[in-house]
Amino acid sequence: MTNVGSKCRVCKAPAIIDLPRHNANFCADHFLELCRRQVVKAIDHFGMFEPDDKILVAVSGGKDSLAVWDLLLELGYRADGLYIGLGIGEYSEVSAGYAQRFAAERGLHLIEIKLRDDFGYDIPTAARATRRVPCSACGLTKRHLFDQAAIDGGYTALVTGHNLDDEAAVLLGNTMRWEIGYLARQLPVLPARNGFPKKVKPLVRLTERETAAWCVVRGIDYLVDECPMAAGNRHLGHKDTLNSIEAQSPGSKAAFYLNFLERMAPLLAAHSAEEREALQTCTRCGAPSAGEVCAFCRLVETASAHDPVPVELVMRGKGGR
Amino acid sequence: MRVLLRNPSREIEITGRRRVHALLNELGLNRESHLVIRNGTLVPGDGELSDDDVIEIRPVISGGC
């Protein structure tokens, strides 16, 4: 059976995707063109890259990180990948395979770090040992290691695959609690400063439905299954809420986040600068830190001294948050 | 038609032709957070699905932050 209805807005060929927020349908070629245009618009508007930037892409094996790596290479940027083996049971083994295959098939350089081998712990153990929720231990670990790898490797920009849904969901969470410090830092580009590399999010103008569709159309094989430790987390709840609003009022997510950047973020810039001034240097690893020893070094100390905890054990005791 | 669902992976059988958005509504799935794929190709919201189709309904929401 053929698609009798929708036609591409640009060329009138049969459409493969409907995008209610653009009030339009697109064929494969013009959908890809739309995605490229949105990424170029983000890069230009927010001044994300210099022509000679050496880029490191944080890669998980999921749709967003592989899509952003693919898009940047297509647009002519030089970019290597960084994969962190988080030790989340079989999930991590499978996700590593997706990242490795993507890199190998395209002849790309993928740096790999294994938490258990390199730092003596994994995320389930860290969550149990530090009594953090798993996503908190994971986020802290990844942020530190991404920064460190970028600095050590001489990369001038660290790219993550955060998309419009990610940013809108974080914005919703921070707004509901009026987390002014977090709101002030929620920008698509954070410039390099005292031990931090420049951090860039080129996908902030694409929804995750669009990044997933990019991968399907481009034939990128990615890990579809969700992280077993993320199930039921607050971030997913915020995304559900925003998607319910989006279904009623297409374009709401983009308006919420992009108008925040345009109208609210400039008002918070002074607060962000104050926070930066307050940082000192970790006495153990030299990373920027709020205290004498940074949160990552404290986590490593506690988690690596703990007996390994299987992921199933942490999941049983999790039950959402 | 055979419908493959994810998270957790499972398969259901649906009888009768319908459009993609009608199927998603019937299953209580938000179209903003799912893609419908037939033979490796995306199918838009008003695409018609027939009884002998095998389709995948793929969630697109990631929980990492």
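1. Two residues are in contact if their C-beta atoms, placed from the backbone, lie within 7 Å. By that criterion, 36 residues of chain A touch 23 residues of chain B. This is a predicted model, in which local features need pLDDT of at least 70 and side-chain atom pairs pLDDT 80 or more, while totals for chains, interfaces and linings use all residues. Residues are numbered from 1 along each chain as its sequence is written, and chains are lettered from A in the order in which they are written.

2. On the side of chain A that touches chain B, the elements giving two or more residues include strand 1 (17-19), helix 6 (134-152) and helix 10 (234-248) of chain A; helices (H or I, at least four residues) and strands (E, at least two) are DSSP runs, numbered from the N terminus. Helix 10 of chain A gives the largest share, seven residues.

3. Within chain A, the axes of helix 6 and helix 12 (residues 295-304) come within 10 Å and cross at roughly 120°; axes are lines fitted to C-alpha atoms over the stretch in contact, with angles from 0 to 180 degrees between N-to-C directions. Helix 6 of chain A supplies A137(A), L140(A), T141(A) and H144(A) to the contact, and helix 12 of chain A supplies A295(A), F296(A) and L299(A).

4. In chain B, strand 4 (residues 34-38) runs antiparallel to strand 7 (residues 54-59), joined by five bridges; strands pair if DSSP finds at least two bridges between them. I37(B) faces E56(B) of strand 7 of chain B.

5. Strand 4 of chain B also pairs with strand 5 (residues 41-42) of chain B, antiparallel over two bridges. R38(B) has T41(B) as its bridge partner in strand 5 of chain B. Two residues lie between the strands of this hairpin, where N39(B) takes a positive phi near 50°.
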